[in-house]
Amino acid sequence: MLVLILKIATKLNCKRLVFYVLSFLYRGNGYRVFSNRRKAELYMEGLSPDQGHSSISHNEIVEEPQYDLQIVVPVYNTEKYLERCIDSILSQDTHYSYHIFIVNDGSTDHSRAILEKYIQNASVTIIDQKNRGLSGARNRALRRIEANYIMFVDSDDILLDDCVEKLLDEAYLGDFELVEGGYQWFDDHGILNVYNHKIVEPLSIANLHGQPWAKLYRASLFQNISFPEGYWFEDTVNLMVLYRKISRFTIIPQVIYGYRNNAESITNVSKRQYKTIDTYWVTKRLMEDTMTLNLPMNEEFFELFLKQLIISGKRIYALNDLKLLAAYVVASKGLLEEYFKECMVSSTSYGRMMQSILSHCDYKRMRLAIMFMWDEF
């Protein structure tokens, strides 16, 4: 019934109105299912356990860097796209120096054989390791950083022309710690969509996107931070930790990165597996890291935290398990109460809606909000 109502509301362009009407009719208290956060987390543990890995690490940054840019490419079974990815990096027309660190993360296809072609290239270092996942592959290349800036490129993606030049020009000109550009989605048939940043003032870290690609970072940001291993959605470390360490950053309107729409990506696969619960576990783990690192717990981060809870709620909802969604809502309320005891109030309508849903443990209203306001959340 709700799906039918959603279709009609979408056609009539009145989803928000229908949501507010239905929110008075469909209500469910999470405490009727889970009496507290611990019970909710135990239920989620039974479906997909917490990996318990921290983002805090100790990486070596050389005092006199050899390169302007260190490009990290994690590789796992991407033989079909790997050569195009590497060639798009090596063909960059730039006066800056850069070096590619390719980490073969235990590939079982022909990816390693393809990498043989680049072994003699002075701009490439190839590292082999047993499979540790995407985070483990990136982290291997972060152990020793030999450049002023770091960039991550997934091995099925590509750099567009002049990507390195445009990003480093901006970084050095403004002495920025992070620079983010636009990107395009593509598949084997061509370009699907393009995202251009709109320049806004004042610029806030909320304007930055969460993924690690299509941007470069000052190397010092990774001196004591890596990607938490064992989790899906490991790039949550950007929103929750790395962005909070920067004071000078910018965005550029140019499209500089090509993101492949891959059916086997975590974004697509996660919609069908309970390991999606990692979205909650990694958020919880990074909140603990936040306290260890003594990062500021201010209003700006409060908004980022609510945004992360909304993102995670959408991912959990996609599993179509109402009991799990109830557990997520109760557990998230517990996180909110633990770390933001001073009852901050969101400055955005969606943030306030999230606070209201969590304060009442109203998992049915959470479901409605995601269904009817997915694109606006």
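Colleague: Where does D175 lie, and why is D175 called partly exposed?

Modeller: In this predicted model, D175 lies in the loop between helix 7 (163-174) and strand 8 (178-187), where helices (H or I, at least four residues) and strands (E, at least two) are DSSP runs numbered from the N terminus. Its relative accessible area is 45%, and because buried means under 20%, exposed over 50% and partly exposed in between (1.4 Å probe, protein chains only), D175 counts as partly exposed. Residues are numbered from 1 along each chain as its sequence is written, and side-chain values use heavy atoms, with hydrogens and water left out. The model being predicted, local features need pLDDT of at least 70 and side-chain atom pairs count only at pLDDT 80 or more, while totals for chains, interfaces and linings use all residues.

Colleague: What is the phi of D175, and which residue in the loop between strand 10 and helix 8 also deserves a look?

Modeller: D175 has a positive phi of about 50 degrees although it is not a glycine. Most residues other than glycine have a negative phi, and most peptide bonds are trans. F233, in the loop between strand 10 and helix 8 (236-240), has a positive phi too, near 60 degrees, and is likewise not glycine. With a relative accessibility of 8%, F233 counts as buried.

Colleague: What makes the peptide bond from E201 to P202 worth noting?

Modeller: That bond is cis, with omega near -5 degrees, and P202 has its place in the loop between strand 9 (190-195) and strand 10 (215-218).

Colleague: How do you know that strand 8 and strand 9 pair?

Modeller: Two strands pair if DSSP finds at least two bridges between them; strand 8 and strand 9 have five, in the antiparallel sense, and therefore meet that definition. They form a hairpin with two residues between them, and F186 stands opposite I191 in strand 9.

Colleague: Which residues of helix 2 are buried, and why are they said to line one face?

Modeller: In helix 2 (residues 15-22), the buried residues are V18, F19 and L22. Seen down the helix axis, they fall within an arc of 105 degrees, so they line one face of the helix; the arc is that of the directions from the helix axis to the C-beta atoms. Taking contact as heavy atoms within 4.5 Å, these buried residues pack against helix 1 (2-11), helix 13 (349-359) and helix 14 (363-373).

Colleague: Why is S48 called buried, and which residues does S48 touch?

Modeller: S48, in the loop between helix 3 (37-47) and strand 1 (60-61), has 7% relative accessibility and so counts as buried. Not counting residues up to four places away in sequence, S48 touches Y274, K275, I277, D278 and W281.
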